[in-house]
Amino acid sequence: MPYSSKTSFQLKQAIQAVQEEKLQELLRYLQQKSPFYKEVFAKHHINIAQISSVAGMAHIPPTLKEDLQQRNDDFLCVSRDKIIEYTSTSGTLGSPVTVALTESDLQRLAYNEYASFVCADGKATDVYQLMLTLDRQFMAGMAYYSGIRKLGAGIIRVGPGVPSLQWETIFRLKPTAIVGVPSFILKLIHYATEHGIDINNSSVKKAICIGENIRNTDFSLNVLGKKITEAWKISLYSTYASTEMQTAFTECGAGKGGHHNPELVIVELLDENNRQVPPGIPAEVTITTLGVEGMPLLRYKTGDICMFFEEPCSCGRNTIRLSPVIGRKKQMIKFKGTTLFAPALFDLLNGMEDIKDYVTEVYSNEIGTDEVLLHLLPVRYSEACDHKIRAYLQAKLRVTPHIKYITAEEMQGMQFPEMGRKAVKFIDRR
């Protein structure tokens, strides 16, 4: 593979040179192979020969999720007999978006996660317990599995859920690390407490946290991260990725943001006018994939709002780092004059001792404004508990969402609908 995890440690000028060379390769490839981008270049009179830098891409219009959904097949750059794997991601307009991978793409994906696990202090002597699905066209599970194999570490494929089975496997096979969703790790802790399991006597020393934030934007642990580490003396590493980018941003031991893999992706953080913002300013993560053969993307707006930081990291890498996801553009809530992002609401709910679990539902009322309904599983329902929850929400949000208390069975059904691949915490009915 033409990749090296040492690229991240090179001087910034050398990293920039790698990106520029790969960008030019990509533009030539898209001009030859991509029905969608051929049309974009022609329509906007873009001469790819004149683009030699990341800044030079500024006049290329960004690709939107709606483009990928409505013209999915036009992004394919190879004949169908070259496709080895079909993965999918949820689309903004209802039906899923297919992301097709060739053999080369699968090798690139394995390298990406290998580099991610190395960044997260992974070693060949580690044994990882995977607490996530490897089926249902879910790219992430396949990526983690492939990356750990490339690392030479051990793998235990347990799948999502079932705390009793997770703990039985931990004590029987002695993994050194787990890969899972932070809120599920918290459920493991609760299960252990209820069943007298000494979690700090287990073999697990670290967790790769996927799908949810464990840090605030200043990189301190958020409520969820604190709850985990206060009970379980393990190291937490956060990772951020998406199916479309086929690349991850993973924390090193310093825990100061997800490191950029410069040989795999160009990342821009663009404001509402599609202009690059300076460090420390929230903006939309926009990616250009490098080295992807099947469905490469150019200036693809992910919908995720982050900040980036570029000061040197203590680990020695000279790449930029991404903050935790502040929110998703599509999940921004305008509620009674207050702007909310789902992660901030989740952090608030995770900090409430009277709530065991939750699902947030957003819908439009009769006048077209947002309404928020919280489906809550209380630890123990009482009128006093209800008053306490409502007062807390009013104090923190300045507005009180609608609340519906549900049973553990109803919560399970909402969070894990049939054919779902990961726990649902946010339902958007707008």
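**Close-up views of a predicted model**

**View 1. Lining of the largest cavity.** Glu113, Ser116, Phe117, Tyr144, Ile208, Thr239 and Thr250 line the largest cavity. The model is predicted: local features need pLDDT of at least 70 and side-chain atom pairs count only at pLDDT 80 or more, while totals for chains, interfaces and linings use all residues. Residues are numbered from 1 along each chain as its sequence is written, and side-chain values use heavy atoms, with hydrogens and water left out. The volume of this cavity is about 40 Å³, and the structure holds one cavity of 30 Å³ or more. On a 1 Å grid over the protein atoms alone, a cavity is a set of points where a 1.4 Å probe fits but cannot get out, and lining residues have an atom within 4 Å of a point. Helix H4 gives the most to this lining, with three residues. By class, the lining comprises three nonpolar, three polar and one charged residues.

**View 2. Contact of H4 with H5.** The axes of helix H4 (residues 103-119) and helix H5 (residues 139-151) come within 7 Å and cross at roughly 70°. H4 is therefore roughly perpendicular to H5, a term for angles of 65 to 115 degrees. Residues in contact (heavy atoms within 4.5 Å) include Phe117 of H4 and Tyr144 of H5. The residues of this contact divide into 13 nonpolar, two polar and two charged.

**View 3. Packing of H1 against H2.** Helix H1 (residues 12-33) and helix H2 (residues 35-43) pack at an angle of about 100°, with their axes 6 Å apart. H1 is thus roughly perpendicular to H2. Leu27, Leu30, Gln31, Gln32 and Lys33 in H1 meet Pro35, Tyr37, Lys38 and Phe41 in H2. This contact has five nonpolar, two polar and two charged residues.

**View 4. The second largest pocket.** About 600 Å³ of space lies in the second largest pocket. A pocket is an open set of grid points with protein on both sides within 12 Å along at least five of seven lines. Of the 25 residues that line this pocket, Gln19, Val54, Val267, Glu310 and Ile320 are the closest to its centre. H1 and strand S10 (265-270) each supply at least two residues of the lining, and H1 gives the most, with six residues. The lining divides into eleven nonpolar, nine polar and five charged residues.

Terms used
Axes are lines fitted to C-alpha atoms, for helices over the stretch in contact, and angles run from 0 to 180 degrees between N-to-C directions. Helices (H or I, at least four residues) and strands (E, at least two) are DSSP runs, numbered from the N terminus. Angles under 35 degrees count as roughly parallel, over 145 as roughly antiparallel, 65 to 115 as roughly perpendicular and the rest as oblique. Ala, Val, Leu, Ile, Met, Phe, Trp, Tyr, Cys and Pro count as nonpolar, Asp, Glu, Lys and Arg as charged, and the others, Gly among them, as polar. Grid points are joined across faces, edges and corners, and a volume is the space filled by probe spheres set on the points.
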